[in-house]
Amino acid sequence: FDLCIIPEHDRYFGRGLVYRTKGALCDIKKIGKKNPRKGLILIGGASRSFIWNSNSVIKQIKKLVIKNPQIKFELSTSRRTPIDFLDKLERLKEELNKNLKLSNTKKQKNNWVMDKMHEAKYAWITEDSISMISESLTSGQLVGILTLENTKGNRRREALDILKKEGWIFYNQDESYQNK
């Protein structure tokens with residue numbers, strides 16, 4: 001190849017002309033003004049790089065929604081989201097019904113996520129979902145990370161730590177969005 005465009009977290013150091021990107025390439029544009037009263041919660045699932053813990057993710061979501069009562073959150077899962085998480089999510093929804101709306105992945109239109117990214121000012125995403133994190137950043141959202149336990153030698157976590165250090169994303173669920 002004459003030119004390779006590769007995310008930094010892939011750690012490609014081969015020959016040829018290489019342009020490294022901060023995250024995964026995505027086909028999304030930054031459109032218009034975002035609504036500061038809308039937030040997305042995007043949930044991934046099992047992966048080789050992270051150890052999934054449904055209880056931990058539910059606890060983080062609960063803390064996030066309670067700390068930010070001014071924001072109406074809409075949550076979407078993915079095909080990788082474990083069944084036990086979906087059961088726990090239903091119970092959480094009953095508890096936080098005013099500020100948390102669940103969207104069924106199977107019933108969403110093709111552009112649902114992109115449309116919501118264009119509307120909502122904020123996104124909290126499980127850290128296993130590098131592509132969703134990249135899409136949210138590209139769309140101009142403020143991006144918070146829902147943490148998972150990582151596996152040994154996790155280059156994705158290292159890439160996220162760099163994004164955090166550079167101010168692109170944040171981890172602290174104890175902090176209100178009002179401070180961003």
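**Cavity, pocket and patch**

The largest cavity is lined by His9, Lys22, Gly23, Ile130, Ile133, Ser134, Ala159 and Leu163. Before I go on: this is a predicted model, in which local features need pLDDT of at least 70 and side-chain atom pairs count only at pLDDT 80 or more, while totals for chains, interfaces and linings use all residues. Residues are numbered from 1 along each chain as its sequence is written, and side-chain values use heavy atoms, with hydrogens and water left out.

Back to the cavity. On a 1 Å grid over the protein atoms alone, a cavity is a set of points where a 1.4 Å probe fits but cannot get out; a pocket is an open set with protein on both sides within 12 Å along at least five of seven lines; and lining residues have an atom within 4 Å of a point. The whole structure has one cavity of 30 Å³ or more, and the space in the largest cavity is about 30 Å³. Two elements give two or more residues to its lining, H4 and helix H5 (155-165). H4 gives the most, with three residues. Helices (H or I, at least four residues) and strands (E, at least two) are DSSP runs, numbered from the N terminus.

Now the pocket. How much space lies in the largest pocket? About 860 Å³. Its lining has 32 residues, and Ser76, Thr77, Ser78, Arg79 and Thr105 lie nearest the centre. Among the elements that give two or more residues to this lining are strand S5 (72-76), helix H2 (83-95) and helix H4 (130-139). H2 gives the most to the lining of the largest pocket, five residues.

Next, the surface. Leu3, Ile5, Leu17, Tyr19 and Leu25 form a nonpolar patch with about 540 Å² of accessible area together. Patches are made of residues with over 30% relative accessible area and no salt bridge, with like charges joined within 9 Å and nonpolar side chains (Val, Leu, Ile, Met, Phe, Trp, Tyr) within 5 Å. A salt bridge is a side-chain nitrogen of Lys or Arg within 4 Å of a carboxyl oxygen of Asp or Glu. Accessible areas come from the Shrake-Rupley method with a 1.4 Å probe, and for residues only the protein chains shown count as cover.

Is Ile5 buried, exposed or partly exposed? Ile5 is partly exposed, because its relative accessibility is 44%. Buried means under 20% relative accessible area, exposed over 50%, and partly exposed in between (1.4 Å probe, protein chains only). His118, in helix H3, is buried at 17%.

Terms used
Grid points are joined across faces, edges and corners, and a volume is the space filled by probe spheres set on the points.
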